[in-house]
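Trainee: I have a structure open and would like to talk it through. Can we start with the terms and then go to the pockets?

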Amino acid sequence: MSVTAGSVLDVVRHTTFQLVADPTVEQARVLARHEGAARFAFNQGLRLHLDARHASKSTGPDDVAATVKVPWTGFDLINAFNAWKRSEDAGRRFVVDGSRAAEVEVTGLAWRTEVSAQVFEEAVVDLGKALKAWTDSRRGKRAGRTAGHPRFKKKNPERGSFRMRNKVSRTKVGDRSTIRVGENGPRSVTLPGIGAIKVHDDTRRLRRMLATGRARILFATVSRRGGRWRISLNVEATDLHPAARHQVRDVTDHSGWAGVDRGLHAPVVAALADGTATLRIAEAPKALRAAQPVTRRLSKSVSRKAKGSVNRRAAVRRLARHHERVRARRHHFLHQVSNLLVQTHDRLVIEDLNITGMLANHRLAAAISDAAWGELARQITYKMAWRGGQVLTADRWFASSKTCSTCGDVTTTLTLADRVFVCDTCGLTIDRDLNAAVNLATWGEQHHHSQVLDPEARGQVTNAHRPDGAGRRSRDDETSRDDVGTRTVTAA
């Protein structure tokens, strides 16, 4: 299924379709080869970057090394790696003729034709993003946790990934995308250089969106996790149906805010400013705690096997598959909660929780990690944006649990064991989580004009393309900004 570039109507949102792959034995080898190529390109790009930085430290006026250009951005790293993979440093061989005269023949990276060139490029683009995050963090331009310097990746037989772009090629029958869905059966995905791979999931919804021009595939990320291959299709799609979107409120209307309190005793409590409880999730599955006996048994099985043995690799694979099931249960619950919140509310207020600081409490660290508050905030943020709603993040220092929702008095003696809030000033007796949700809703009505981003809620990732210049590209393997036809949006 392919769509002509520039035919998607009103593209305003990005989403991802994750499909569990069912490759053959030979296809699994090819996927593993591409995964190793991505890891190799990342490590080699980092080595080229570090060598250039080391050479540029020479400050001699006549030293040629002083003029060495250090590749920092993803585009510079692509050019540096492409130049290296054809050089003598990447590969050479000695050719001896009949007269026993030996000559050096530059072969470059001998196996580079066995994998798609996009895998190399996307890997070094990720390296450029990691370097930018490190430099921005050092200069104080990056919010959130401190980003460290990128490190060399080690080989892991259970985890790895690579990314491929969806390029549009001209054929006699029309434009053809390199990433296609449903070409070799309704449950298949075709990747460039790899071919059609069967998937377990139904692709009917995605195929309909592609056929009607309501979606366009941008990237395909193939990852191996828990002994399974997954294909994640990054899709640029049209807006949701008007019936699924919230009504646009008047600019002067500052009401309707609902506070969302996230906790351990009650996972989610939502309430309005007038004290009306709109949603209360009393129990969470607690996937990590429920699976603890099985996790302990499988972990002991790994520790009892000899390192490097086949049995140990099999035990590690079983443990990884178990952790994937735990993760799937947790995310399934979070998606259910976030969908319920964004469908029933058009204005939400969440609190900026210092999750990293809370994890220092070793008695609650496991429960806090299992609750996944940051993931819930991330899902609420992007799903509300799809539906045209609003999400505010209250200030981290706002005492939502200790403040009386009626008189505003702050009770400093409130502890985590107190599940009922009792105000000493006005005598209000209310559930602790409900009181916090009401205070958050009131905060939203008072600070509707402000927006504080939640550092624990990761946002969407936008992959960069090389901007097209006035002339033609210097080499055919260079990336282009319009490889997937996203520069212009025209009516079909």
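Mentor: Terms, then. Helices, of at least four residues, and strands, of at least two, are DSSP runs numbered from the N terminus. Keep in mind that this is a predicted model.

Trainee: Fine. Which elements supply at least two residues each to the lining of the second largest pocket?

Mentor: Strand S12 (258–262), helix H8 (355–358) and helix H11 (432–446).

Trainee: And which residues lie nearest the centre of that pocket?

Mentor: Leu-353, Met-358, Ser-401, Leu-416 and Arg-432, out of 30 lining residues. The space in the second largest pocket comes to about 980 Å³.

Trainee: How does the lining divide into nonpolar, polar and charged?

Mentor: Twelve nonpolar, eight polar and ten charged residues.

Trainee: Back up a bit. How many helices and strands does the protein have?

Mentor: Eleven helices and 18 strands. The protein has 492 residues, and 42% of them count as buried.

Trainee: Now strand S16. Why is it largely enclosed by the rest of the structure?

Mentor: Because four of its five residues, in the stretch 390–394, are buried. The cut-off for buried is under 20% relative accessible area.

Trainee: How do S15 and S16 run, parallel or antiparallel?

Mentor: Parallel, with five bridges joining S16 to strand S15 (residues 347–351). Val-349 has Leu-392 of S16 opposite it.

Trainee: Which way does S9 run against S8, parallel or antiparallel?

Mentor: Antiparallel, with four bridges between S8 and strand S9 (residues 195–198). Ser-188 has Lys-198 in S9 as its bridge partner. The two strands form a hairpin with three residues between them, and Gly-193 in the turn has a positive phi of about 80°.

Trainee: And on the S7 side, how many bridges?

Mentor: Two bridges join strand S7 (residues 180–181) to S8, again antiparallel. Arg-180 stands opposite Thr-190. That hairpin has six residues between the strands, and Gly-182 takes a positive phi near 80°.

Trainee: Last one, Leu-50. What does it touch?

Mentor: His-149 and Phe-152, leaving aside residues up to four places away in sequence. Leu-50 is in helix H1 (residues 25–56) and is partly exposed, at a relative accessible area of 24%.

Key. Residues numbered from 1 in each chain as written. Predicted model: local features only at pLDDT ≥ 70, side-chain atom pairs only at ≥ 80, totals over all residues. Heavy atoms only, no water. Buried < 20%, exposed > 50% of the residue type's maximum accessible area, 1.4 Å probe, protein only. 1 Å grid on protein atoms, 1.4 Å probe; cavity = no way out; pocket = protein on both sides within 12 Å on 5 of 7 lines; lining within 4 Å. Points joined across faces, edges and corners; volume = space filled by probe spheres on them. Nonpolar A, V, L, I, M, F, W, Y, C, P; charged D, E, K, R; others polar. Pairing = 2+ DSSP bridges. Contact = heavy atoms within 4.5 Å.
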